[in-house]
Amino acid sequence: MTTRLVEVRQKVLKQNDVVARALRERFHAAGVFVVSLVSSPGSGKTTFLEKTLVMGRQRGWRVAALVGDLATDNDAMRLARSGAPVKQIVTGTVCHLDAQMVDDALKEWKLEDIDILFIENVGNLVCPASYDLGEDLRLVLFSVTEGEDKPRKYPTIFNTADVAIITKVDLAEAVEFDRVAAEASVHAVRPGMEIKEVSAKTGRGMEEWMGFLGRIKGLKSKS
């Protein structure tokens, strides 16, 4: 039985990789920079993305977002307040997005009208780690309220991400968050990983994050 489960999983991941490669080729051909976001529930991922969409539009970027959720469209409704095109992907019992879900959700959108596409995954730090969505940049978020050792507990997702975003830093002092320990935890799993500290509520760190995103997008567009 175990062997059969492994074979099925390998087949599913192989099929996902095929679709993801095709998606990545389409994105690059259309000039779309794709950013995926992964975190556990309650990390502030949606608030961070909403603020990013608003600030992106203020910069003249044509931004859009796909949002994964098990059952509701609440996050999509929140993100739509930014004025950016947003579409919800309801996964049902599936605890992650896969490349085919993303491909299906994009059928009504013209990619040439988008500069940056954000894909907010289902709140989970385990399942999404194995699924390539055709993204250029994968963010893994964790909040100061979740503890400094989050990366050590979920090393796989940190090893498959490009940037760690520490959220809700406005609460750091209140929860006695240890920045040094948190950074050490990240780098113990992924040496040299880029780390950004932000508070979408107060705006702290958001300009730095947007500047970083703009530079990365520009470098990718030239490659």
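Biologist: In this predicted model, which residue of strand 7 does Val163 stand opposite?

Modeller: Strand 6, residues 163-167, pairs with strand 7, residues 194-197, in the parallel sense and over four bridges. Within this pairing of the two strands, the residue of strand 7 that stands opposite Val163 is Glu194.

Biologist: How far from Asp69 is the nearest side chain of opposite charge?

Modeller: Asp69 is found in strand 2, residues 63-69, and it touches several residues beyond four places away in sequence, among them Asp75, Gln88 and Val122. Although Asp69 is buried, it has no salt bridge, because such a bridge needs a side-chain nitrogen of Lys or Arg within 4 Å of a carboxyl oxygen. The nearest side chain of opposite charge belongs to Lys45, and its distance is 8.5 Å.

Biologist: How many residues apart in sequence are the parts that the pair of Cys95 and Cys127 ties together?

Modeller: Cys95 and Cys127 form a disulfide, with their sulfur atoms 2.1 Å apart. Cys95 lies in the loop between strand 3 and helix 4, whereas Cys127 lies in the loop between strand 4 and strand 5, so the separation of the parts tied together is 32 residues.

Notes
Residues numbered from 1 in each chain as written. Predicted model: local features only at pLDDT ≥ 70, side-chain atom pairs only at ≥ 80, totals over all residues. Heavy atoms only, no water. Pairing = 2+ DSSP bridges. Buried < 20%, exposed > 50% of the residue type's maximum accessible area, 1.4 Å probe, protein only. Lys, Arg positive; Asp, Glu negative; His and termini not counted. Contact = heavy atoms within 4.5 Å. Disulfide = S-S within 2.5 Å.
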